[in-house]
Amino acid sequence: MADELLIFEQTIEALFLRALSGRLTPECKARLRQAGLDVDQKLRPAYPFDSWMTFLRITAEELFPGEPLEQGTWKLGEAYIEGFRETMLGRAVLSLLRVLGPRRALMRATQNFRAGNNYTESRLKELGPTQFELWMNEVGPYPSFTAGIIHAGLRVAGAQAIVIETSGYDGHACTYRINWSEASVSSGVAGSGDSKAAKRSGSIISL
């Protein structure tokens with residue numbers, strides 16, 4: 001893993017300039033600016049990982065007040081994929097996922113996440129045709145953010161009735177137990193109007 005964990009400019013662009021465009025309040029922008037992210041100025045080439053985690057916490061608190069951070073950061077993870085597909089790189093990556101399908105999309109987890117950072121490492125264990133364990137070396141204090149990304153990415157790849165359970169989380173690394181129903185390659189990223197309400201019980205996240 002890299003000595004200094006960095007989040008690349010395109011990750012910030014996908015979430016804050018694309019997915020959340022028009023949704024950030026002046027108060028949220030002010031808090032982000034104080035934390036080191038000015039969304040109204042040219043982005044830097046990279047941001048420290050710890051700063052990125054702070055940006056996520058601030059945004060979840062501001063956009064989803066009264067909701068647990070787990071739920072807010074999950075929603076930001078799903079929003080990230082929506083913004084990512086509006087970028088040139090994102091269109092290419094997500095188009096490939098539609099062709100690959102869920103299983104092979106998970107096999108590319110390291111490459112896919114490395115498009116936006118310099119540190120992600122992953123290991124995939126197949127438990128069944130549509131059941132896997134995905135270990136990731138660094139998800140920070142908000143593993144649900146990464147779970148939201150995985151969920152939305154699998155929907156792009158055609159998975160349905162996705163269930164994600166986190167286990168073995170130590171504050172850095174996390175294992176996600178993932179399963180889904182029969183895939184349909186015509187599925188896309190569902191918006192708030194076409195997905196069921198999230199049901200969370202403990203560490204189990206199901207949509």
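Analyst: We can begin with a single residue. This is a predicted model, and Arg-114 is found in its helix H6. At 33% relative accessibility, Arg-114 counts as partly exposed, because that value lies between the 20% and 50% cut-offs.

User: Which residues is Arg-114 in contact with, leaving aside its neighbours within four places in sequence?

Analyst: Arg-114 is in contact with Phe-8, Tyr-119, Thr-120 and Glu-121. Sequence distance and spatial distance are separate things to read. Arg-114 and Ile-7 are 107 residues apart in sequence, yet their C-alpha atoms are 9.3 Å apart in space.

User: What is the make-up of the chain in helices and strands?

Analyst: The chain has seven helices and eight strands. Of its 207 residues, 46% are buried. Taking contacts between residues at least 6 apart in sequence, 67% join residues at least 24 apart.

User: Where in H5 does the kink lie?

Analyst: The kink lies at Gly-101, shortly before the proline Pro-102, and amounts to about 125°.

User: How do I read which residues of a helix are buried?

Analyst: Start from the helical repeat. An α-helix has 3.6 residues a turn, so residues three or four places apart point the same way. In H5 the buried residues are Gly-90, Val-93, Leu-94, Leu-97, Leu-100, Gly-101, Pro-102, Ala-105 and Leu-106. Val-99 is also in H5, but it is exposed, with a relative accessible area of 63%.

User: What do the buried residues of H5 pack against?

Analyst: They pack against helices H4 (69-84), H6 (109-114) and H7 (143-156), and against strands S3 (122-128), S4 (131-136) and S6 (174-181). One example on the H6 side is Asn-112, which lies in that helix. Asn-112 is buried, with a relative accessible area of 19%, and touches Val-93, Leu-97 and Ala-105 when residues up to four places away in sequence are not counted.

User: How is the packing of two helices described?

Analyst: Two packed helices are described by the angle between their axes and the distance between the axes. For H5 and H7, the axes come within 7 Å and cross at roughly 110°. The two helices are therefore roughly perpendicular to each other. From H5, the contact is made by Leu-94, Leu-97, Arg-98, Pro-102 and Leu-106; from H7, by Ile-150, Gly-153, Leu-154 and Val-156. These residues divide into seven nonpolar, one polar and one charged.

User: Are H1 and H3 roughly parallel or roughly perpendicular to each other?

Analyst: Helix H1 (residues 9-19) and helix H3 (residues 49-63) pack at an angle of about 5°, with their axes 13 Å apart. H1 and H3 are therefore roughly parallel. Thr-11, Ile-12, Leu-15 and Phe-16 in H1 meet Trp-52, Phe-55, Leu-56 and Thr-59 in H3. That contact divides into six nonpolar residues, two polar and no charged.

User: Is Ala-157 buried or exposed?

Analyst: Ala-157 is found in the loop between H7 and S5. It counts as buried, at 0% relative accessibility. Not counting residues up to four places away in sequence, Ala-157 touches Leu-97, Arg-98, Gly-101, Pro-102 and Ala-105. Gly-101, where the kink of H5 lies, is 56 residues from Ala-157 along the chain, and their C-alpha atoms are separated by 4.6 Å.

User: What about backbone angles? Which value does phi of Ala-161 take?

Analyst: Phi of Ala-161 is near 50°, a positive value in a residue other than glycine. Ala-161 lies in strand S5 (residues 160-167). It is exposed, with a relative accessible area of 53%.

Terms used: Residues numbered from 1 in each chain as written. Predicted model: local features only at pLDDT ≥ 70, side-chain atom pairs only at ≥ 80, totals over all residues. Heavy atoms only, no water. Bend = angle between axes of the 7 residues up to and from the residue. Helix = DSSP H or I, 4+ residues; strand = E, 2+ residues; numbered from the N terminus. Buried < 20%, exposed > 50% of the residue type's maximum accessible area, 1.4 Å probe, protein only. Contact = heavy atoms within 4.5 Å. Axes fitted to C-alpha atoms, helices over the stretch in contact; angles between N-to-C directions. Parallel < 35°, antiparallel > 145°, perpendicular 65-115°, else oblique. Nonpolar A, V, L, I, M, F, W, Y, C, P; charged D, E, K, R; others polar.
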